[in-house]
Amino acid sequence: MDVEMTCKELVELVTDYLEGILPADVRTRFENHLAGCDGCTNYLEQMRQTIRLTGQVREENLTPQQREDLLSLFRDWKRN
Amino acid sequence: MDAKLDEIALLNLLRQMDETAFTQLVEKYHSFLIRIARIYVQDPTTAEEVAQEAWLAVLHGLDRFEGRSSLKTWILTILTNKAKTRGQRENRTVSYTEWEESVQSEPTVDPKRFKDPLAHEWANHWASGLEPVSWAGIPEDVSLSQETMNLILKTIDSLPENQRLVITLHDQDELSTQEICNILGISETNQRVLLHRARAKVRQALENYFQLEH
């Protein structure tokens, strides 16, 4: 089972690799391939960075109405 | 910077009915709760009500919370139960199981970027000139710019609903695979496939953009 992994195969396994669920033999083939392939090393790094950047996106601010509703909910609770 | 200590401090303040602590908590999690609620109830107003009910239950339950799970997980459980009940009342049954699509077939990277499968040498390896390049040299004022963030948001918004939910819950809300599978009622395998596809599309969008900027 020492078939060399192709780049086309590797890119589809990146998430499984990062989640740590590749079977040991596949993981070895994955890492062996990486060791000799700049393109795939860059691809993996790009995916890591994609995940990091996605995690930093935050658009959500509460609307004044939401804030007001939640505050009055809190104050009611406090009174009782 | 210890998250656990922060949480204990926050809880203590909440138990003393500290308003600032509550504000801090809702700023952090309210939109997240709404997002989860809307998986179960369609109407935005109802989702808002469900989230408010959950907050009230959180406040009332503070003394019972023992810290065996994280505060976030605890709040999420309360919200999910309320949203499920409300969803049933409204007859909206979530059936994300139909998401078990023919998963492996579709490639996430354009096949044209690889050498011909029948090529004599290096079949299915990166075609020359089309290999991914390192992003290490991209300055932070580009990679972390508002424009980049908007691009990511726009790309996520354009994804099919199942992919959009999974990448948001996993990579932004940082829920565990287990939590996501419970909420959406899908298998771990399916969850990973959806996550992989979603990430691959965001990566592609970023690659296109960084190439232009460079």
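1. Surface of chain B. In this predicted model, chain B has an accessible surface of about 11400 Å², and 51% of that area belongs to carbon and sulfur atoms. Accessible areas follow the Shrake-Rupley method with a 1.4 Å probe, and for residues only the protein chains shown count as cover. Chain A exposes about 4600 Å², to which carbon and sulfur atoms contribute 47%.

2. Basis of the values. The model is predicted, and local features need pLDDT of at least 70, side-chain atom pairs count only at pLDDT 80 or more, and totals for chains, interfaces and linings use all residues; side-chain values use heavy atoms, with hydrogens and water left out. Residues are numbered from 1 along each chain as its sequence is written, while chains are lettered from A and ligands numbered from 1 in the order in which they are written.

3. Fold of chain B. Chain B contains 9 helices and 0 strands; helices (H or I, at least four residues) and strands (E, at least two) are DSSP runs, numbered from the N terminus. Its radius of gyration is 21 Å, well over the 17 Å that the globule rule gives for 214 residues, so chain B is more spread out than a compact globule. The radius is taken over C-alpha atoms, and the rule is 2.2 Å times the number of residues to the power 0.38. The C-alpha trace of chain B spans about 70 × 40 × 30 Å along its principal axes.

4. Burial and contacts in chain B. Of the 214 residues in chain B, 50% count as buried. Buried means under 20% relative accessible area, exposed means over 50%, and partly exposed lies in between (1.4 Å probe, protein chains only). Where contacts in chain B join residues at least 6 apart in sequence, 66% of them link residues at least 24 apart; a contact means heavy atoms within 4.5 Å.

5. Chain A. The elements of chain A run α-α-α-α from the N terminus on. The radius of gyration of chain A is 23 Å, well over the 12 Å given by the globule rule for 80 residues, so this chain is more spread out than a compact globule. Its C-alpha atoms fill a box of roughly 70 × 25 × 15 Å along the principal axes. Of the 80 residues of chain A, 40% count as buried. Among contacts in chain A with a separation of 6 or more, 53% come from residues 24 or more positions apart.

6. Charges. Chain B carries 23 positive and 33 negative charges, and their mean positions are 5 Å apart. Chain A has 10 positive and 15 negative side chains, with the centres of the two sets 12 Å apart. In these counts Lys and Arg are positive and Asp and Glu negative, while His and the chain ends are not counted. Each charge is placed at NZ of Lys, CZ of Arg, CG of Asp or CD of Glu.

7. Helix α7 of chain B. This helix (residues 161–172) has 12 residues and reaches 15 Å from its first C-alpha to its last, close to the 16 Å expected at 1.5 Å a residue; the expected span is 1.5 Å times one less than the number of residues. Because 10 of its 12 residues are buried, α7(B) is largely enclosed by the rest of the structure. The buried residues of α7(B) pack against α3 (38–56) of chain A, and also against α2 (19–40), α6 (146–157), α8 (177–184) and α9 (188–213) of chain B. One of the residues in α7 of chain B is B:T168, which counts as buried at 6% relative accessibility. Leaving aside residues up to four places away in sequence, B:T168 touches B:R35, B:I156 and B:D173.

8. B:H30. This residue lies in helix α2 of chain B and counts as buried at 0% relative accessibility. Apart from residues up to four places away in sequence, B:H30 touches A:L62, A:Q66, A:L70, B:L25, B:E48, B:A51 and B:W55.

9. Positive phi angles. Most residues other than glycine have a negative phi. B:W122, not a glycine, has a positive phi of about 55°, and B:N124, also not a glycine, has a positive phi of about 65°. B:W122 is found in the loop between α4 (71–89) and α5 (140–143) of chain B, and B:N124 is placed in the loop between α4 and α5 of chain B. B:W122 counts as exposed at 51% relative accessibility, whereas B:N124 is buried with a relative accessible area of 18%. Just after α7(B), B:E174 takes a positive phi of about 55°.
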